[in-house]
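Me: I'm new to reading protein models. Could you walk me through this one, feature by feature?

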Amino acid sequence: LLICPCTPAPVQLVKQGLFPCSPVHPALAVSLEMLEFMSKLFMHLAPNEAAWADTLVKFLSRWGHVFKAQDSLHQQFGSALAQYQVLV
């Protein structure tokens, strides 16, 4: 997939199947499939993005992935999920 380097980062991410957490300077991009899965999951369960994000942070830390702020994944993923759900 060839993408012009002058194309904005969020557009490049979407073309690659990822959704940016911010429309301008995304610090995180989430798979569109993961967002669809989470949207469907939260339709059947009480939404608890904080618990899900905390679990994922602990899981990823086993492989050395560290997030700078305690709630950074929760906030960024929550933003991406909310924007995705509005667009869908």
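Me: Where do I start? How many helices and strands are there in the protein?

Reply: Start with a simple inventory. This is a predicted model, and in it the protein has 4 helices and 2 strands. Next, read them in order along the sequence: the pattern is α-β-β-α-α-α.

Me: Since it's predicted, what is the mean pLDDT of the protein?

Reply: Good thing to check. pLDDT is the predictor's own confidence in each residue, from 0 to 100. Here the mean is 84, and 94% of the residues reach 70 or more.

Me: Okay, now helix packing. At roughly what angle do the axes of helix 2 and helix 4 cross?

Reply: For any helix pair, look at two things: how close the axes come and the angle between them. Helix 2 (residues 32-44) and helix 4 have axes that come within 10 Å and cross at roughly 80°. Angles of 65 to 115 degrees count as roughly perpendicular, so that's what we call helix 2 and helix 4.

Me: Which residues of helix 2 meet helix 4?

Reply: From helix 2 you've got Leu-32, Met-34, Leu-35, Glu-36, Met-38, Ser-39 and Phe-42, and they meet Phe-77, Ala-80, Leu-81, Tyr-84 and Gln-85 in helix 4. Sort that contact by class and you get 9 nonpolar, 2 polar and 1 charged residues.

Me: And how do helix 3 and helix 4 cross?

Reply: The axes of helix 3 (residues 49-61) and helix 4 (residues 72-87) come within 9 Å, crossing at roughly 125°. That makes helix 3 oblique to helix 4. The crossing is right-handed. On the helix 3 side, the contact residues include Trp-52, Ala-53 and Leu-56; among those of helix 4 are Leu-73, Phe-77 and Leu-81. This contact divides into 8 nonpolar, 2 polar and 1 charged.

Me: Last one: how many aromatic pairs does a search of the whole structure find?

Reply: It finds 3. To read a pair, check the distance between ring centres and the angle between planes. Trp-52 and Phe-77 sit 4.4 Å centre to centre with 35° between the planes, a tilted pair. Trp-52 belongs to helix 3 and Phe-77 to helix 4, so the pair ties together parts that are 25 residues apart in sequence.

Key
Residues numbered from 1 in each chain as written. Predicted model: local features only at pLDDT ≥ 70, side-chain atom pairs only at ≥ 80, totals over all residues. Heavy atoms only, no water. Axes fitted to C-alpha atoms, helices over the stretch in contact; angles between N-to-C directions. Parallel < 35°, antiparallel > 145°, perpendicular 65-115°, else oblique. Left-handed = near helix turned anticlockwise from the far one by under 90°. Contact = heavy atoms within 4.5 Å. Nonpolar A, V, L, I, M, F, W, Y, C, P; charged D, E, K, R; others polar. Phe/Tyr/Trp six-rings, centres within 6.5 Å; stacked < 30°, edge-to-face > 60°.
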